[in-house]
There are 2 protein chains.
Amino acid sequence: MTEKTRIGRLPERGVDDLATIQAILDEGLVCHVAYVVDGRPVVLPTLYARDGDRVLLHGSNSMGLARAVRGGSPLSVAVTHLDGVVVARSAFNSSANYRSVVIHGTGVILEGSEKDEALDTLVDRLIPGRLGDVRPSTVTEIRQTTVIALSLDEVSAKVRSGGPNDDEADLDLDTWAGVVPFFTVAGEPTPAQDLRPGIDIPDYLRSFRR
Amino acid sequence: MTEKTRIGRLPERGVDDLATIQAILDEGLVCHVAYVVDGRPVVLPTLYARDGDRVLLHGSNSMGLARAVRGGSPLSVAVTHLDGVVVARSAFNSSANYRSVVIHGTGVILEGSEKDEALDTLVDRLIPGRLGDVRPSTVTEIRQTTVIALSLDEVSAKVRSGGPNDDEADLDLDTWAGVVPFFTVAGEPTPAQDLRPGIDIPDYLRSFRR
């Protein structure tokens with residue numbers, strides 16, 4: 001169960017392999033984006049998707065995030081998957097298994113056809129297969145939505161996997177050590193209460209996996 | 001499966017109920033903390049635990065976070081649980097079900113007996129039951145660890161639950177709508193490769209739930 005591969009394990013746990021970074025980004029739906037308002041940090045969760053060498057952040061016009069980007073604030077975006085709790089024989093060596101990517105840069109608010117395409121990309125990445133089933137968005141809906149593009153130029157990843165790294169002297173202790181793995185699973189799709197009878201769950205939702 | 005309660009649903013989705021905020025915080029292990037360096041935001045994931053009316057953030061001395069707090073940077077901390085994908089008949093009304101808390105404030109780096117107690121609290125909250133089984137931390141280990149306390153004075157929550165809120169005109173479409181729920185589950189604890197034979201998995205890890 002415990003992963004054997006340890007990429008950039010210690011002391012830095014840093015990963016600069018682009019395929020690893022892309023895989024971590026592609027597994028997530030929600031990122032945490034930080035910006036600066038009057039010298040103070042603000043962090044909030046938002047939906048995102050990777051689109052080639054950039055990420056697309058989904059928001060509404062009223063968000064402070066959109067105002068901050070328009071005002072020139074740089075952004076910092078993190079995507080984190082918690083894979084387990086590492087239970088070592090000491091508190092100090094106890095830890096978490098995780099995969100995380102952090103991106104820094106200046107966001108760009110997309111407009112016009114770039115925005116339309118980015119919105120389609122967001123739907124397609126967040127719910128693969130869905131794009132053909134939703135009705136087209138109206139001009140008003142698109143106007144009320146903000147899409148921010150952030151390049152992956154400045155990106156890094158950290159990965160911690162595997163079992164505890166206990167001190168040699170602790171290995172003789174009568175204490176259990178190991179990992180409690182975590183999994184995120186998608187359950188059976190639940191129909192809306194106002195769903196018309198006779199409409200089946202689409203296959204792309206039955207097989208939804210992240 | 002879909003939750004019926006909708007707290008602060010729309011338009012703000014805001015929640016100021018302290019019990020809701022505490023429950024969201026107590027369910028998580030990893031938060032995203034943002035700070036400011038030279039006017040730029042930095043966000044990173046870290047382990048945390050709620051301790052009464054504050055959160056304790058776990059770090060190492062070498063972290064930029066510790067430097068930023070020593071330098072007086074305010075903090076913004078978010079804890080987010082993604083509960084599902086809301087699949088509406090339009091892209092615009094599609095969304096995510098989530099529970100999230102954001103805290104703003106100035107962190108305090110704990111020292112001395114306050115730090116010792118906070119480290120015990122972190123272990124006890126992150127892995128309930130574990131505290132009695134780990135060997136005591138050494139002075140050097142405690143010195144290499146940073147614990148930052150952040151008060152819950154300035155805290156808010158957002159909760160989105162329930163099914164899609166489609167436009168009236170979209171209800172006649174031949175399109176499935178509903179929610180794909182997400183669950184995070186803890187798997188069977190995996191022993192360390194160097195675990196001595198004959199040491200059973202403790203009950204508090206078998207029943208680990210978040």
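Two residues are in contact if their C-beta atoms, placed from the backbone, lie within 7 Å. The model is predicted, so local features need pLDDT of at least 70 and side-chain atom pairs count only at pLDDT 80 or more, while totals for chains, interfaces and linings use all residues. Residues are numbered from 1 along each chain as its sequence is written, and chains are lettered from A and ligands numbered from 1 in the order in which they are written.

**View 1. Val101(B) in the largest nonpolar core.** A nonpolar core is a set of buried Ala, Val, Leu, Ile, Met, Phe, Trp, Tyr and Cys residues joined through C-beta atoms within 7 Å. A residue is buried if 20 or more other C-beta atoms lie within 10 Å of its own, exposed if 12 or fewer, and partly exposed in between. The largest core holds 112 residues, and Val101(A) and Val101(B) touch the most other members. Leaving out residues up to four places away in sequence, Val101(B) touches Ile21(B), Ile24(B), Leu25(B), Ala78(B), Val79(B), Val155(B) and Ala157(B).

**View 2. Helix α3 of chain A.** Helices (H or I, at least four residues) and strands (E, at least two) are DSSP runs, numbered from the N terminus. Helix α3(A) comprises 15 residues, 112-126, and reaches 21 Å from its first C-alpha to its last, close to the 21 Å expected (1.5 Å times one less than its number of residues). Its buried residues are Ala118(A), Leu119(A), Leu122(A), Val123(A) and Leu126(A). They lie on the same side of α3(A) because they cover an arc of only 140° around the axis, taken over the directions from the helix axis to the C-beta atoms. Their cover includes β3, β4, α4 and β8 of chain A, together with β5 of chain B.

**View 3. The side of chain A that touches chain B.** In chain A, 76 residues are in contact with 76 residues of chain B. β2, β3, β5, β6, α3, β10 and β11 of chain A each supply at least two residues of this side. By class, the side has 50 nonpolar, 16 polar and ten charged residues; Ala, Val, Leu, Ile, Met, Phe, Trp, Tyr, Cys and Pro count as nonpolar, Asp, Glu, Lys and Arg as charged, and the others, Gly among them, as polar.

**View 4. Strands β10(A) and β10(B).** The two strands pair in the antiparallel sense over five bridges (pairing requires at least two DSSP bridges). Phe183(A) stands opposite Val185(B).

**View 5. Asp38(A) in the loop between β2 and β3 of chain A.** Phi of Asp38(A) is near 50°, a positive value in a residue other than glycine. Asp38(A) counts as exposed because it has 6 C-beta neighbours inside 10 Å.
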